[in-house]
Amino acid sequence: LFVIVHYYFFCSDSNVCSIQMTSKLDQDFPQLRKGPAAGEKKPLREKVITYYDLLFQGEDPSGKRTQFWDEFFLLKVNVEYISQTISALEVKDLIALKKSTNLLFIQCVRILQVDDNLIRDINALQTLCALLKAVFQKGLADISFDLIDILVGFDSAECQMRNLVESLNKFLVDEYPVSIKNLALKLLLLVLTAVDNVSQNVILEYFMMNSIFESITKVISQPESRHHHGYDASVALLFLVNYRKYEAANPYVIKLSVLDNEIALNGLGCVISLVLTEYNRQYSTPTDQPVGLFGHLTSMVSNMLMPSEAPQTKIRISEAVLLLLYEAVHLNRNFITVLTHTHSPSQASTPISPSPAVERPLPLPSTPTTPDGSAISFPREPTNLLGTFLTFSSIIIQNTKDEKSVSHSKLCLIILTCIVEDQYANSFLHDHNMTFQVYIHRASLRHRKLVKEKNALRNMPLACSLLDLMVEFMLSHLSRNFKVELYRRCLGVIHRMLCYQKRCKIRLTYSWKDLWNALVNILKYFVANEQHLVPEYDIFSVAQEIVKIFNLFITYGDTFLPNPAAYDELYYEIIRMRKVFEDLYQMANRLSGGGGSGNVRTSSASLASSLTNICSISTHFVPKIDSWSLQHQVASITPEQVLDVVRSNYDTLTLKLYDNLDHYERYSEKPKETSFFTMLVRLVIQDTRSTISLSSLQQQVVLGELAAL
């Protein structure tokens, strides 16, 4: 307390001591400060500003006094003045002042490393934050070597950066106040976000040589530190993992992939779960618009009358958390146990840190509702991160209207692909003894009306919820702007699940008819919109995936469908929707025979070949059904009668055995998805940089926290 009182006295006395130097500084370096207008009283200047001015004139403010810097870092930092001064300098002037910036940087690092005075540590961290952010904003980020030379100098860079990383490790791991840890994370994030393309940030080479991974995982592991700093530490880990991961051996990628510390992994899962749960809780569907044709007309008229600049209520999606979940699932097989770890539903909480490293505005909570206006009853049964992510994904995939939302949906589907390729995750998904209530949000469509009972929660294996999610996506995105890649990823998730069920003979109790109808609806859409879709999109690759799934059901369905009745129902649905398959076959034959270009001709010929079994089923059973109808003089045959005919004529059906129906190409990020993830990381860096605010460095808050210790 004595140190704090002395600090305030020292800061207040500094104004008087600096007046005598003002005129000389203004004369030598006029662009730093405008003089007072005629007749106005000259304002008092803080003592620390006098020292800043000397530094930015290229002079050494210490005057060779050995105790100067110890006294300097007891002065209250003027963050705005540092930023404004450096912003006013031309790049060439800043380069000319590199001795001064090197001196300031080195002295800050020295204080952080050797001084145990918390006030000096705070001021050194704040000074570094202000210096780094101001220099990064000068547009030198593309010339990282010049950036290093301006900040610390090439000769001492390795030593000083090692000392800086050691200091950050000390602040994050040891017993320090929350505000100091936040300042350390703010400084770390400023360094990590200096360049839009993280792989071009040469400063991170020093973090590759001097690891901060263990400190980050310790922050995430401890409940108290995770509550205050978990999000920021996790985002920092994300950036470090993505540094040149396609070009060289990144030690953070290696350490994350082999991390088996259950406490650290659970802590990372808690950070992700908290953000996703809060998003799910705050999401709501508008209830003031009726569903149906009249509702859509009303909405259209309202949009026409509403000014274009009217703000729209939107809940912010954290791309950083999505990317972090992807990296954890993709790199670390041990994280799958975190996904499936069952816990009681808890209320989400937000960080209570007085000065969070990254400011994250959260919208006001709302009462989530279904499209028919009824309130959503969130599950009170035990849940897990995987179930939370399925609900989150059902919200995200509803919107694919712009490039950013398509990227979010693609990332969710990639994460699900990685999950269903894991043996342990699949065994948990299909475990009949592990049932959960997972709410799947459904879009409002003109051709269907969602009722309250349809959205009722029920206990079932997570595999059923995942299939519901995939069916919902397939039904709700049949538009002229057809998302080929998203549909292929959706079908890939379904196919991988079926391969696991076939391989392990898992008989999942599920409404398979919903899946078959959704698949047929896509084929029907292709046939009806051939003229528009064929020239623009590779619909045949999607159609082939659908037919491959049907062939898997036809050939091996008796080994994984829940009962013989379900297998009979498969044949019934194929016969009932035979017109769609016949039209698709005719379209494929027509385009493969010269009606299409080279690529279209090849893919359509392959599609026609894969339809052989489906066409054989129609050709075999339809005449027998007609014959039975004539024999029994029944004009309108019932579904049960059709099923009787099917059951009695399996023996005479001849099917073709296709190869590799239960094989798929495992997901690989490199090289196919390299550009996609580079783009996503770039967006997260830009977003994180924009939310790091130096105005939140409230010294009174920090000192108040110290006084309370």
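Visitor: Which residues do the side chains of Glu485 meet in a salt bridge?

Guide: Side chains of opposite charge can pair when their charged atoms come close. In this predicted model, the side chain of Glu485 forms a salt bridge with that of Arg489 at 3.7 Å, N to O; the term denotes a side-chain nitrogen of Lys or Arg within 4 Å of a carboxyl oxygen of Asp or Glu. Both residues belong to helix α24 (residues 484–504), where they stand 4 residues apart, about one turn of the helix. Helices are DSSP runs of H or I with at least four residues, strands are runs of E with at least two, and both are numbered from the N terminus.

Visitor: Is Arg489 buried or exposed?

Guide: Arg489 counts as buried because its relative accessibility is 16%, whereas Glu485, at 39%, counts as partly exposed. The classes are buried under 20% relative accessible area, exposed over 50%, and partly exposed in between (1.4 Å probe, protein chains only).

Visitor: Which residues are linked with this pair in a network of salt bridges?

Guide: The network links Lys410, Glu485, Arg489 and Glu673. The structure holds 27 salt bridges.

Visitor: Which parts of the chain does the pair of Arg647 and Asp568 link?

Guide: Their side chains meet in a salt bridge of 2.7 Å, N to O. This pair links distant parts of the chain, with Arg647 in helix α32 (residues 639–647) and Asp568 in helix α28 (residues 564–576), 79 residues apart. Asp568 is buried, at a relative accessible area of 5%, while Arg647 is partly exposed at 35%.

Visitor: What numbering and confidence rules apply here?

Guide: Residues are numbered from 1 along each chain as its sequence is written. In this predicted model, local features need pLDDT of at least 70 and side-chain atom pairs count only at pLDDT 80 or more, totals for chains, interfaces and linings use all residues, and side-chain values use heavy atoms, with hydrogens and water left out.
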